[in-house]
Amino acid sequence: MSRIIDRFRKRNHSLRFGTERAVFGGLSKIAADPLCAPPDLSKAKRVLFVQPHPDDNEIGAGGTMAWLVSLGVEVWELTVLDDRYADPEYIGRENEVETRRQKEAKAAQEYLGVKNAGFLGFADKTRASVDEISVEILKVIRRIQPDYVLTADPLLENECHSDHIKVGTAVKYAAMDSQCNFFPEFVDGKLRDDAWNVKGIGFYYTDKPNTLIDITDFEEMKMESIKKHVSQTDVGLLAGIRLQQQLFAEGTPFKAAEPLRLLSALHMHCFNLPVE
């Protein structure tokens, strides 16, 4: 176990480099420039977390969600994929019954004080394209009108789960395209009146963090919210999650932390600026 922890620490040393500087205020000249600073989630009024599967938001950012709720931020959760087509129990009743994982997701939301933005109903390992998924997410963004949208990082170097890569990429497209008043089509031959500009996008499950969220006071809430996903939770998973958030907090005053990569609207298109 000690050798595993040592390898984890070495791997995360470079990942935490930018966040540790931010935590202690020792920002470089360029990072101090407002153009290169990541957005401050604490100033948001409304944040939408989009998860590939029920439980991803809680595992990747449950502490951040609890922290935002404590600040009075309106937090929403959207689930893209679920078990309605992956469990034989629901065959023929896919849209008629509430599935096991939908119930677990709602229980976690209720525990954290998060609002349910719905279930898009795509199947696990969906054959739907990124564009198809993105358009459905875009509709929710326009309905909820969040300041920021957070999801799993599709560019995580060792990510091999196609669901995470697809959904993360789809969220990127949706967050950008939601401002286009001609997309995905005109309404009665006129430009749309429901276009929405998000202020930024964020990613958990990331190996390129630029923000470290102190979840010391919310660690237990996060762990309890994960336990609400009874069908997915075991002792090993919970121990691994707790270890990871404690390792990310090393070198800081925090006891537990969640790393995020946050981008402002400026960083979401063309401008190749360092965000740290």
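This report walks through the fold, the helix packing, the salt bridges and the aromatic pair of a predicted model.

## Overview

Let's start with the whole chain. The protein chain has 276 residues, and 50% of them are buried. Its secondary structure consists of 8 helices and 7 strands. The accessible surface amounts to about 13,500 Å², with carbon and sulfur atoms accounting for 54% of that area.

The contacts also say something about how the chain is put together. If we take contacts between residues at least 6 apart in sequence, 77% of them join residues at least 24 apart.

The strands form an open sheet of 7 strands with mixed pairing, and their order is 3-2-1-4-5-7-6. Strand 3 (115-123) and strand 6 (211-214) are the edge strands; each has a single partner strand, so one side of each has no neighbour in the sheet. From one strand to the next, the twist averages 25°.

Strand 2 (residues 74-82) and strand 3 run parallel and are joined by 6 bridges. Thr79, for instance, has Phe119 in strand 3 as its bridge partner.

## Helices on the sheet

Which strands does helix 5 lie across? Helix 5 (residues 130-144) lies across strand 1 (46-51), strand 2, strand 3 and strand 4 (148-152), and it runs at about 165° to strand 3. Helix 6 (residues 162-177) also packs on the sheet, where it touches strand 1, strand 2, strand 4 and strand 5 (200-204). The direction of helix 6 makes about 165° with that of strand 4.

## Salt bridges

Side chains of opposite charge can pair when their charged atoms come close. In this model there are 16 salt bridges. One of them joins Arg84 to Asp82, with 3.0 Å between the closest N and O atoms. Are these two residues buried or exposed? Both Arg84 and Asp82 are buried.

Arg242 and Glu220 meet through their side chains at 2.9 Å, N to O. The side chains of Lys222 and Glu258 form a salt bridge at 2.7 Å, N to O, and both residues are buried.

## The aromatic pair

A pair of aromatic rings is described by the distance of the centres and the angle of the planes. A search of the whole structure turns up 1 aromatic pair. The partners are Tyr204 and Tyr205, whose ring centres are 4.8 Å apart. Why is the pair edge-to-face? The planes of the two rings stand at 85°, and an angle over 60 degrees counts as edge-to-face.

The two tyrosines fall into separate burial classes. Tyr204 has 0% relative accessibility and therefore counts as buried, since the limit is under 20%. Tyr205 reaches 21% relative accessibility, so it counts as partly exposed.

Methods
Residues are numbered from 1 along each chain as its sequence is written. This is a predicted model: local features need pLDDT of at least 70, side-chain atom pairs count only at pLDDT 80 or more; totals for chains, interfaces and linings use all residues. Side-chain values use heavy atoms; hydrogens and water are left out. Two strands pair if DSSP finds at least two bridges between them. Helices (H or I, at least four residues) and strands (E, at least two) are DSSP runs, numbered from the N terminus. Axes are lines fitted to C-alpha atoms, for helices over the stretch in contact, and angles run from 0 to 180 degrees between N-to-C directions. Contact means heavy atoms within 4.5 Å. A salt bridge is a side-chain nitrogen of Lys or Arg within 4 Å of a carboxyl oxygen of Asp or Glu. Buried means under 20% relative accessible area, exposed over 50%, partly exposed in between (1.4 Å probe, protein chains only). Accessible areas come from the Shrake-Rupley method with a 1.4 Å probe; for residues, only the protein chains shown count as cover. Rings of Phe, Tyr and Trp (its six-membered ring) pair if their centres lie within 6.5 Å; planes under 30 degrees apart count as stacked, over 60 as edge-to-face and the rest as tilted.
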